[in-house]
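Visitor: Could you show me how to read strand pairing and helix packing in a model? I would like the general idea and then the case at hand.

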Amino acid sequence: MGINKVKKRTKRLLSWVVLFLLTSNFIQAQEFNLVNNESSLKVYGTSNLHDWDINAEEQSGIITFKNLKTATIEKCNLKVVVESLKSGKNGMDKNTFKALNSDSYSTITYHLNAIKNSTDNGDGTFQVKSLGDLTISGVKKEISLDFLVTVSQGKIMLTGEKTINMTNYNIEPPKALLGTITTGEEVTIKFSSTFK
């Protein structure tokens with residue numbers, strides 16, 4: 001066998017290896033975008049008068065997997081527009097926007113930093129424990145966040161909840177009616193995010 005033939009075969013083999021590696025990487029690393037109208041995020045709180053809740057009407061985000069079959073998350077970023085938080089009561093919404101300083105900080109963001117643990121439940125769902133940065137009103141804090149990942153028919157769903165203390169983000173709990181109605185410091189965020 002001549003040297004030229006060996007070179008040609010080696011070149012062809014290297015081309016196939018490179019193509020395989022690129023294709024394999026493309027198949028496994030997949031990015032999905034949050035679908036706003038199929039996702040929900042609600043904030044639940046208390047006051048000295050009654051409990052309350054607010055819906056996020058405008059959110060966006062991406063999630064990228066190193067390997068979709070094992071739900072190995074590489075990246076996850078979420079964003080909520082502050083002035084899309086609506087309670088159905090105009091006065092409460094204004095107090096919320098003021099407390100969150102929406103004129104200066106128009107969004108609330110979450111950025112995944114690390115996956116601490118991921119458990120395969122065996123039915124297309126994975127229980128994930130993570131660490132990430134939650135930024136509210138310009139204050140960034142790393143939080144632990146547990147959520148369920150569901151992989152089904154080209155869709156990804158993230159569901160979970162997290163209780164936070166507003167004062168940790170330098171937010172004074174909103175008040176109403178000249179301070180006669182006061183809200184509690186803690187709120188619980190419940191989310192069901194769909195990505196495609």
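Visitor: Which residue in β5 does Asn67 stand opposite?

Guide: Thr72 in β5 stands opposite Asn67. Bear in mind that this is a predicted model, where local features need pLDDT of at least 70, side-chain atom pairs count only at pLDDT 80 or more, and totals for chains, interfaces and linings use all residues. Residues are numbered from 1 along each chain as its sequence is written, and side-chain values use heavy atoms, with hydrogens and water left out.

Visitor: How many bridges join β4 and β5?

Guide: Two strands pair if DSSP finds at least two bridges between them; strands are DSSP runs of E, at least two residues, and helices runs of H or I, at least four, numbered from the N terminus. Here β4 (residues 59-67) and β5 (residues 72-81) pair in the antiparallel sense over 8 bridges. Their hairpin has 4 residues between the strands, and Ala71 takes a positive phi near 50 degrees.

Visitor: With which strand does β5 pair over 5 bridges?

Guide: That is β7 (residues 107-120), again in the antiparallel sense. Asn77 stands opposite His111 in β7.

Visitor: Which residues of α2 are buried?

Guide: Buried means under 20% relative accessible area and exposed over 50%, with partly exposed in between (1.4 Å probe, protein chains only). In α2 (residues 90-99), Asp93, Thr96, Phe97 and Ala99 are buried. Seen down the axis of α2, they fall within an arc of 160 degrees, so they line one face of the helix; the arc is that of the directions from the helix axis to the C-beta atoms. On the other side, Asn90, Lys94 and Lys98 of α2 are exposed.
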